[in-house]
Every structure is written in structure tokens, then in C-alpha cells.
Amino acid sequence: MFPEQNSGYGYEDCKATADWLLTQTDIRPVVGIVCGSGLGGLADMLKDQVVFNYKDIPNFPQSTVRGHAGQLVFGTLKGRPCVCMQGRFHLYEGYPIQKITLPMRIFKLLGVETVMLTNAAGGLNQDYKVGDVMIIKDHINMPGFAGNNPLAGPNDDRFGVRFPCMSDAYDRELQQLAMDVGQELGYSDFLKEGVYCVLGGPSFETIAECRMLHRLGADAVGMSTVHEVITARHCGMRVFALSLITNQAVMDYESKEKANHEEVLQTGRQRAKQLEQLVSAMVTRIEHSQNYA
Ligand SMILES: O=P(O)(O)O[C@@H]1C[C@H](O)[C@@H](CO)O1
């Protein structure tokens, strides 16, 4: 079972895709950005863009969700070479977990050192409001409890070790940088720090599930990011991730609120500019092996 699980997503496949991309552009990205639902505008920040439709990239999956354009955008952000996924893949789209996370390994082989991931999430923490931005400090991998981990299957040492540590998954310096930059930009009122819990989706959570997740220590719930984080850390990239709280998770049987994708996309549009400012200001201040100042 395991060898088949990895077929099509192994080192040679990732290398072939990365090498193909490197023949199509001179940009050598050091930062990789992943746009969450409704947050694809982050890619518009890039200058000198070279854009690939996912369907034209060898081995690449296709985006099937509204709010995920399905384009890989290379470009520069204040001089820093970047690559941006305008659209990600989710377990509920029916892809094997290794396929969802394949872009992280391609990022690594392109030369990316730092990955910045964004997502839309429901707020479980009662102090959170719609529109808050939660810097992710840790995660709870619910699908992982049932064995659905992107690293399941044979380990390829060229990517990383068999048993990677996850207690340092979210880079603490980058979390502090986000707080500092957010403060300078005047965003302190809506900037939080917390724990993100991933579920498989696509159904939103029941009231009982939200209550349980909150009791377990999750501040926000979503359907992505964690698989990408595990894969990115496995192959040694630094990780920063944030959640835009697009809706309040429903925790109360008296509530008339209903989670829906329209509200998720709408909140994304409302906070888009501030998220772009935050991410671009951070990118200019992250240190990499080359100096782009
Ligand atoms: O890609 P993200 O995690 O931002 O997308 C969230 C989770 C679901 O795909 C969708 C629900 O509205 O938004």
C-alpha cells in the first residue's frame, strides 16, 4: 500500500516539475507564499510576474474550489524573489494527501527557504472577532490522529528524516516579526496568536465539534495548512502561517449563525489589503542566505 501511495509524488517527480519551472523563468524564489480562500490577491503584490496556470505545470494538481484561482505566480516583492500559490489543494477535493503537499517539495527544490501560508478559518476562541488575524503558533492535526499524515509511506531521506520534530514547526522569530510589523502598521487591535486545528472538511463543524475543539485548546478551525506545514518542515524550510478569522464558529444552540463559504470569501476581500501589507513588510525583513537589500 505505501509504495503505491507515493507513486507520482516522489523525489524524481518533484525534481522534474521544479526543473521544468526553472527552465521557464529566471526568477529563483527564496520565499514561497500560499494564498488561502479569498486571499489570492496576495499574489498581485508581486512585480515582474511570470504566471503559470496549474494545468500547464507537469505533475501539478488542479484547483477546484471557488476563491482559489489555480495559478503559480513567480515575481519579486521589494526585490525579493518569491513564488506564490494562488490557490491551494485540500483533502476534501479528493486528492491523496501527498498530492496536496507536493507543491511544498517543489518549493524546496526551487530554492525556497521560507514558506508563508495563509488560510481562512472559523474562530473558536471567544475573544476573537471576524476579521482578526491569528498568527499560528501551533497546530492540532486531527486527520493525523487517524494516520492521515503527508509523510506516511516510505521516507525519502533526500527530503528529510523519518521522524521530524514538530514542536518547533512555526518559526518563533517569524511570529515575533509578524507581531512587530503588525504593531508598526497599526494592526495590533486585530492581531492575535493561537492554535489552528485542521479537519478534513468539506462540511463545516457541528456545534458539539466546535465545543470539543475549543476545549482541546484550538483557537481556530480550518481545512488546510497543517499538511503543508508538516511537509515544509520535513524538508527543512522555515514556516510562518496565519489564519484570517472569516467567521465565528457556532458554539451555541441558540445561535442563528450558519457557517458558509460566501462569508469566508467576503471577509477575505475586506481584510485583503492589510494582509498584503503585513506579508510584504515581513518579506522585506526576513533574512535569507543571499542578501537582496
Ligand atoms: O484554503 P483555506 O484553508 O483558506 O480554505 C478554507 C477552508 C475551506 O477550503 C474553505 C471554507 O470556506 O475556506
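Biologist: What domain does UniProt list, and where?
Modeller: UniProt, in an unreviewed entry, places "domain: Nucleoside phosphorylase" at residues 31-283. UniProt positions follow the numbering used here, feature names are shortened, and annotations may be inferred rather than shown by experiment. This is a predicted model: local features need pLDDT of at least 70, side-chain atom pairs count only at pLDDT 80 or more, and totals for chains, interfaces and linings use all residues. Residues are numbered from 1 along each chain as its sequence is written, and side-chain values use heavy atoms, with hydrogens and water left out.

Biologist: How much helix and strand over residues 31-283?
Modeller: The chain there is 28% helix and 26% strand. The end C-alpha atoms are 8 Å apart. Helices (H or I, at least four residues) and strands (E, at least two) are DSSP runs, numbered from the N terminus.

Biologist: Which residues does UniProt list for "binding site"?
Modeller: Ser37, His68, Arg88, Phe89, His90, Ala120 and Ser224, again from an unreviewed entry. They are spread over 188 residues of sequence, yet they cluster in space. The largest C-alpha distance is 13.4 Å. Of these residues, Arg88, Phe89, His90 and Ser224 are in the lining of the second largest cavity.

Biologist: What counts as a cavity here, and what as a pocket?
Modeller: Both come from a 1 Å grid over the protein atoms alone. A cavity is a set of points where a 1.4 Å probe fits but cannot get out. A pocket is an open set with protein on both sides within 12 Å along at least five of seven lines. Lining residues have an atom within 4 Å of a point. Grid points are joined across faces, edges and corners, and a volume is the space filled by probe spheres set on the points.

Biologist: How many cavities of 30 Å³ or more?
Modeller: Two. Tyr9, Gln98, Thr101, Leu102, Arg105, Pro150, Leu151 and Thr231 line the largest cavity. By class, that lining has four nonpolar, three polar and one charged residues. Ala, Val, Leu, Ile, Met, Phe, Trp, Tyr, Cys and Pro count as nonpolar, Asp, Glu, Lys and Arg as charged, and the others, Gly among them, as polar.

Biologist: And the second largest cavity, what lines it?
Modeller: The second largest cavity holds about 30 Å³ of space. Its lining includes Ile100, Met223, Thr225, His227 and Glu228. The classes are four nonpolar, four polar and two charged.

Biologist: Which element gives the largest share of the lining of the largest pocket?
Modeller: Strand 5, with four residues. Strand 5 runs 114-123. Alanine 120 is in strand 5. Alanine 120 is buried, with a relative accessible area of 17%. Buried means under 20% relative accessible area, exposed over 50%, partly exposed in between (1.4 Å probe, protein chains only).

Biologist: What lines the second largest pocket?
Modeller: Met45, Lys47, Thr76, Leu77, Lys78, Lys273, Glu276, Gln277 and Ser280. Strand 3 (71-77) and helix 9 each give two or more of its lining residues. Helix 9 gives the most, with four residues. The volume of the second largest pocket is about 150 Å³. By class, its lining has two nonpolar, three polar and four charged residues.

Biologist: Switching to rings. How many aromatic pairs?
Modeller: Eight. Rings of Phe, Tyr and Trp (its six-membered ring) pair if their centres lie within 6.5 Å; planes under 30 degrees apart count as stacked, over 60 as edge-to-face and the rest as tilted.

Biologist: Why is the pair of tyrosine 54 and phenylalanine 60 tilted?
Modeller: Their planes are at 50 degrees, so the pair is tilted, with the ring centres 4.9 Å apart. Tyrosine 54 and phenylalanine 60 are both buried. Tyr54, Phe60, Phe89 and Tyr95 form one aromatic cluster.

Biologist: Which ring does the charged end of arginine 105 sit over?
Modeller: The ring of phenylalanine 159, 4.1 Å from its centre. The charged end of arginine 271 sits over the ring of phenylalanine 190, 3.6 Å from its centre. The rule is NZ of Lys or CZ of Arg within 6 Å of the ring centre and within 35 degrees of the ring normal.
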